[in-house]
Amino acid sequence: DLVKDEFERISKAMAMDMGLLPKDPSEKDDPEKLILVRMDSMEIEAHAKVMTRLEILYTTVFIMIRYLLRTKFGHIIPESLSHYLDEDDHNKVLYYRRPLEEREKIQEDRVAAVVREMNTLQSVLVANFSSELLEEIPEYKVFLRVQEEQTVLGMDGIRRPKDKKDISPDSVQNPFDTTVTYRNKRGPHHGSVLNVAEVHDGEGNGIIIDADVSPNTTADTTIEKQPDNGPSMQVEADGAYDSAELEELAGQKNMELTATSLTGKLPNDVFADFELSSDKQSIVKCPMGNAPVSCKYNKNSAYITAHMPDNCCASCPHREECKARINNKKSRSSVKVYVNNVRRARKVRALNTEKVKLAAHHRNGVEGIMSVLRRKYKLDDIPVFGIDASALWVWTSLLSYNLVKYQKYTLSQKRLVTC
C-alpha cells in the first residue's frame with residue numbers, strides 16, 4: 001500500500017522533527033528517551049447499504065442473472081426466475097405491508113423461496129459452464145460464498161436456509177461490497193475498524209505514526225506489526241488491550257503495555273498476593289505464606305490446583321475469597337487459582353498507582369482524536385465502497401490531521417523563539 005507507506009514515512013519524519021521519536025538509532029535504548037505511545041480504535045461505518053437477510057439473498061441472485069444478461073447468456077435463465085427481469089420485482093419481494101405478528105413468518109417463507117431459486121440457478125450454471133470458467137467469474141464467487149454462508153446442505157442434497165444463529169458475523173452483508181462485516185459492540189455495526197497509535201510528549205503535542213484498517217471482526221494488530229528490537233516504548237491503552245498474550249508480545253518488542261482500565265468481572269484482591277513460579281504453573285506460597293504440598297496445572301483452562309498442608313485453609317481469613325475446598329475427614333484442603341486472575345488482581349492494584357493514573361490521563365487524550373476524525377474528517381461517511389478504497393481515504397485523512405498538528409507545533413516554536 002504505497003499511500004500508507006508514504007503516510008507512515010512522512011508522519012515519522014514529522015515526529016522526529018518534533019522530538020517525539022529519536023533521530024539517532026543509538027538513542028533507542030536510552031531510558032531518558034522513553035517514547036510515549038497511546039492507542040485506541042474506532043469503528044468506521046461502511047458506505048454500502050445495510051441489507052436484511054432476504055435482500056442479501058435476492059441481490060445475490062439478481063447480480064448473477066444480470067451477469068448472464070450482460071454476457072449474452074440470457075437464454076439459459078429459467079422461466080421460474082424471469083420475474084427478476086421485472087423492474088418492480090425488487091420492491092414486490094422485499095417490501096410489503098402486513099401486521100407485525102405476520103411479518104416474521106412471511107420473511108422466513110420468502111427467504112426459503114429465494115434459496116430454492118438459488119438452487120435452481122446453481123443447477124443451470126453448473127450445467128452450462130465448466131467449473132474452471134465459473135471459478136474465474138467474480139459474480140459467481142460471491143454467489144457461491146453467500147450460498148455457503150446462508151444455507152446448509154441437507155441429507156437429501158438440497159440446500160435450505162440456515163438458522164440465524166449459525167450465520168457468521170463475517171458473512172457477506174452486502175453482495176456489492178463483500179468486505180463489509182457485522183459486529184455488535186454497543187449496538188450493531190457494519191463496516192471496518194480503525195486502530196491508531198499516536199506518539200506524544202504528554203504536553204499536547206502528538207503525531208499518529210501507525211494505523212490499521214481491518215474488518216471489525218478482527219483483533220488489534222498494531223502491537224504485532226512493531227519490530228522486535230525497536231526503541232523503548234510505553235504504550236498506553238484501554239482495557240480492550242489487557243491480555244497476557246499482548247503483554248508478552250509487547251515485552252518481546254521492547255514495549256511496556258499499560259492498560260489504564262479493565263473490562264469484565266474483576267477478581268478478588270486476595271489473588272494478587274499469590275506467589276507463582278517463574279513458569280506460572282505452580283504456586284510458591286499463598287497470601288498467608290503457606291507453601292502447597294503439591295500443585296497440578298491444567299493447561300487447557302490455565303489454572304492451578306494447590307493442595308495445602310494440615311488443612312490450613314479451614315481457619316484462614318481468606319477462605320471465602322479463595323473459595324477453598326475443605327476436607328475435614330482427611331484434614332486436607334485445596335484451592336483453585338486461575339493464572340489470569342492473579343495477573344488481573346495485580347493489575348487492579350496497579351491502577352491506583354501514580355504511574356498508571358498519569359498514563360490514564362495521557363491516554364484519555366486519544367479519545368479526542370477519534371472525535372476529530374469523525375466530525376472534521378467525516379470518517380463515518382466515506383463515499384467509497386470496499387475496505388481497500390476506504391483505507392486510502394483514511395490514510396489521507398490521518399496525514400491531514402498530522403499536518404495540522406505539525407503546523408501548530410512549528411508555529412508555537414516560532415512564538416517561543418520570538419519571546
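View 1. Helices here are DSSP runs of H or I with at least four residues, strands are E runs of at least two, and both are numbered from the N terminus. This is a predicted model, in which local features need pLDDT of at least 70, side-chain atom pairs count only at pLDDT 80 or more, and totals for chains, interfaces and linings use all residues. Residues are numbered from 1 along each chain as its sequence is written, and side-chain values use heavy atoms, with hydrogens and water left out.

**View 2. Helix α2 spans 26 Å from its first C-alpha to its last.** With 18 residues, α2 comes close to the 26 Å expected at 1.5 Å a residue (the expected span is 1.5 Å times one less than the number of residues). Because 14 of those 18 residues are buried, α2 is largely enclosed by the rest of the structure. Buried means under 20% relative accessible area, exposed means over 50%, and partly exposed is in between, using a 1.4 Å probe and protein chains only.

**View 3. Helix α2 (residues 53-70) meets helix α6 (residues 138-150), with axes that come within 10 Å and cross at roughly 155°.** That makes α2 roughly antiparallel to α6 (an angle over 145 degrees, taken from 0 to 180 degrees between N-to-C directions of lines fitted to C-alpha atoms over the stretch in contact). The contact (heavy atoms within 4.5 Å) includes Ile56, Leu57 and Met64 of α2, with Tyr140, Phe143 and Val146 among the residues of α6. By class, this contact has 10 nonpolar, two polar and three charged residues; Ala, Val, Leu, Ile, Met, Phe, Trp, Tyr, Cys and Pro count as nonpolar, Asp, Glu, Lys and Arg as charged, and the others, Gly among them, as polar.

**View 4. Proline 161 lies in strand β3.** Its relative accessible area is 31%, so proline 161 is partly exposed. Which residues is proline 161 in contact with, leaving aside neighbours within four places in sequence? They are Arg53, Val111, Ala112, Val115, Gln150, Thr151 and Val152. Valine 115 is 46 residues away from proline 161 in sequence, yet their C-alpha atoms are 6.7 Å apart.

**View 5. Serine 171 sits in the loop between β3 (159-161) and β4 (181-184).** Serine 171 counts as buried because its relative accessibility is 2%. Not counting residues up to four places away in sequence, serine 171 touches Arg145, Glu149 and Val180.

Terms used: Angles under 35 degrees count as roughly parallel, over 145 as roughly antiparallel, 65 to 115 as roughly perpendicular and the rest as oblique.
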